[in-house]
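Biologist: I am new to this structure and would like to go through some of its side-chain pairings with you. Could we look at it together, one question at a time?

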Amino acid sequence: QSQHLEQFVKNQIAGSHTLNCDKELECGHYCNGSVNDDECLPCLKSECVDKNEHITLGKHEDDWCDICVSAGLGMMPCVQLDCKHIFHEECLLRIL
């Protein structure tokens, strides 16, 4: 099981995953993960994704979450699994 997924579930159980991360990434954009994540997500801004598509499987902030298929990844805190797929954390928790 993914380390990130395990941490995500632990934080959800503890009720600590509710706010967007406020950390600034090296590129100057803000992280789109959750405030209590140990590691920040890769940048989801199009210009950053285009430089390193393999890091996010080409997904950027305007791509819809593949679970809810109703809102962009940039609209809510997200989690990235070890396989590099990115989902809204709320959506992932709902299907676990």
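Biologist: Which side chain meets Glu 90 in a salt bridge?

Modeller: This is a predicted model, and side chains of opposite charge can pair when their charged atoms come close. A salt bridge needs a side-chain nitrogen of Lys or Arg within 4 Å of a carboxyl oxygen of Asp or Glu. Here the N to O distance is 3.9 Å, and the partner that Glu 90 meets is Arg 94.

Biologist: In which helix do Glu 90 and Arg 94 both lie?

Modeller: The two residues are four residues apart, about one turn of the helix. Glu 90 is partly exposed at 47% relative accessibility, whereas Arg 94 is exposed, with a relative accessible area of 53%. The element that holds both of them, covering residues 89–95, is helix H4.

Biologist: How many residues apart in sequence are the parts that Glu 61 and Lys 45 tie together?

Modeller: Glu 61 forms a salt bridge with Lys 45, and their closest N and O atoms are 3.2 Å apart. Glu 61 lies in the loop between helix H3 and strand S1, while Lys 45 lies in the loop between H1 and H2, so the parts that this pair ties together are apart in sequence by 16 residues.

Biologist: Is Lys 59, which forms a salt bridge with Asp 66, buried or partly exposed?

Modeller: The closest N and O atoms of Asp 66 and Lys 59 are 3.3 Å apart, and Asp 66 has a relative accessible area of 45%. Buried would mean under 20%, but Lys 59 has a relative accessible area of 22%, so Lys 59 is partly exposed.

Technical notes
Residues numbered from 1 in each chain as written. Predicted model: local features only at pLDDT ≥ 70, side-chain atom pairs only at ≥ 80, totals over all residues. Heavy atoms only, no water. Buried < 20%, exposed > 50% of the residue type's maximum accessible area, 1.4 Å probe, protein only.
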